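Here is a short report on one protein chain. Keep the sequence and the 3D view open as you read.

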Amino acid sequence: MDVTIQVPRGADAVSVLGSGDRNLKIIREALGVRIAAREDTVRVSGDHAAVAAARRVIDRLGHEARRSRAMSRQDVLRVIAEVGTEDGMHDAMNSAQSEGGEPAAWGEHLDVYAGGRPVKPKSANQRAYLEAIRESDLVFGVGPAGTGKTYLAVAAAVHMLKIGRVKKVILVRPAVEAGEKLGFLPGDMEAKVNPYLRPLFDALHDMMDFDTMKRFMAHDVMEVAPLAFMRGRTLNDAVIILDEAQNTTRQQMKMFLTRMGQRSKMIVTGDTTQIDLPDPRESGLIDAARLLRRVAGVGFVSLDRIDIVRHDLVQRIVEAYGDDEPVSPGVTFRETSP
């Protein structure tokens with residue numbers, strides 16, 4: 001798609017375009033469009049939805065210029081975020097169920113950003129897992145390796161971001177080593193924690209291209225962080241996923257769960273047979289299941305060996321090892337609270 005947009009002349013043009021066309025550069029980086037100014041026009045080309053969003057941003061900047069309001073970089077980013085949210089809500093309302101009038105969470109598949117690659121549940125338990133995510137604001141998904149716990153949670157989060165149900169996706173993991181002491185890790189903080197968060201990045205890379213993910217990360221629409229960075233935060237209008245939750249302590253789990261803000265969803269995933277804590281009895285996942293399994297609004301879904309969707313050998317490996325570390329007595333993950 002290619003459009004030409006009329007902009008004001010003189011001082012107002014600087015307010016719209018920014019000094020040295022700074023605002024256009026911000027729009028280009030944030031929305032992934034090609035954009036150039038010439039005299040009193042701006043030409044924008046690229047994906048239909050991105051070009052439409054860019055046009056609305058420029059129109060908003062023109063409106064502010066006519067009010068003689070100077071726009072900072074943060075102001076421009078705010079306008080871009082607001083336009084993106086409006087677009088998402090518009091798309092969601094178009095797909096709403098006719099009888100309810102509410103935006104449809106998803107239909108037969110999850111709409112992620114990777115073109116032509118819808119994500120679908122492959123088993124009854126996976127369908128129940130996605131249904132619990134749709135219905136409950138806090139969901140625990142527990143099961144062995146390869147059952148899609150993390151992958152489906154990330155896909156659901158990306159889908160909700162795309163349809164405008166939330167404004168941000170936050171992916172969290174405890175920085176616990178799997179039976180090895182790696183010692184001192186070189187580099188800055190990002191380099192130190194990146195190895196622990198790599199599985200979450202892998203899932204994201206499978207659902208969106210690198211440029212989209214980089215753009216979302218740069219503009220704080222998507223965040224991948226270690227659990228320790230969650231203390232003191234209140235997270236509104238977001239999907240927050242805690243992965244490898246079996247390696248949280250009881251105090252860490254309580255801290256994480258109490259970060260939930262207004263209009264947010266939390267998804268907690270883990271495998272109680274792979275606890276890497278010095279004392280497995282201190283696992284925050286098992287403790288949360290014991291305390292919260294009867295709390296209204298909290299969903300618990302168990303994924304089994306039959307739900308494994310990795311290489312066929314993974315299912316046989318899990319079966320061969322068996323459940324050497326079973327869930328604590330009295331704790332069940334099959335219930336979904338009313």
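## A loop arginine and its distant neighbour

Arg305 sits in the loop between β9 (298-302) and α11. Helices (H or I, at least four residues) and strands (E, at least two) are DSSP runs, numbered from the N terminus. Arg305 counts as partly exposed because its relative accessibility is 27%. Arg305 is 162 residues from Gly143 in sequence, yet their C-alpha atoms are 7.8 Å apart in space.

This is a predicted model, in which local features need pLDDT of at least 70 and side-chain atom pairs count only at pLDDT 80 or more, while totals for chains, interfaces and linings use all residues. Residues are numbered from 1 along each chain as its sequence is written, and side-chain values use heavy atoms, with hydrogens and water left out.

## Salt bridges

Side chains of opposite charge can pair when their charged atoms come close. A salt bridge here is a side-chain nitrogen of Lys or Arg within 4 Å of a carboxyl oxygen of Asp or Glu. The count by this rule is 13 salt bridges. The table shows some of them.

| Pair | Closest N to O distance |
|---|---|
| Glu135 and Arg134 | 2.4 Å |
| Lys265 and Asp137 | 3.7 Å |

Start with Lys265 and Asp137, whose closest N and O atoms are 3.7 Å apart. This pair links distant parts of the chain, 128 residues apart: Lys265 is in strand β8, and Asp137 is in the loop between α5 and β4 (138-142). Is Lys265 buried or exposed? Lys265 counts as buried because its relative accessibility is 4%. Asp137 has a relative accessible area of 39%, so it is partly exposed.

Asp220 is partly exposed, with a relative accessible area of 45%. Lys168 counts as buried, at 13% relative accessibility.

In the pair of Glu135 and Arg134, Arg134 is partly exposed, with a relative accessible area of 33%.

## How the helices pack

Look next at α5 (residues 124-135) and α6 (residues 149-162). They pack at an angle of about 40 degrees, and their axes are 11 Å apart. Axes are lines fitted to C-alpha atoms, for helices over the stretch in contact, and angles run from 0 to 180 degrees between N-to-C directions. Angles under 35 degrees count as roughly parallel, over 145 as roughly antiparallel, 65 to 115 as roughly perpendicular, and the rest as oblique. Therefore α5 and α6 are oblique to each other. The crossing of α5 past α6 is right-handed. A crossing is right-handed if the near helix is turned clockwise from the far one by less than a right angle, and left-handed if anticlockwise.

The axes of α2 and α3 come within 10 Å and cross at roughly 150 degrees. These two helices are therefore roughly antiparallel to each other. Here too, α2 passes α3 in a right-handed crossing.

Helix α3 (residues 48-66) holds His48. His48 is exposed, with a relative accessible area of 54%. The C-alpha atoms of His48 and Val33 are separated by 9.6 Å, and the two residues are 15 apart along the chain.

## Positive phi in two loops

Asp21 is not a glycine, but it has a positive phi of about 60 degrees. Asp21 is in the loop between α1 (11-17) and α2 (22-31). Its relative accessible area is 30%, so Asp21 is partly exposed. Arg263 has a positive phi of about 60 degrees and is not a glycine. Arg263 lies in the loop between α9 (250-257) and β8 (265-270).

Note on methods. Buried means under 20% relative accessible area, exposed over 50%, partly exposed in between (1.4 Å probe, protein chains only).
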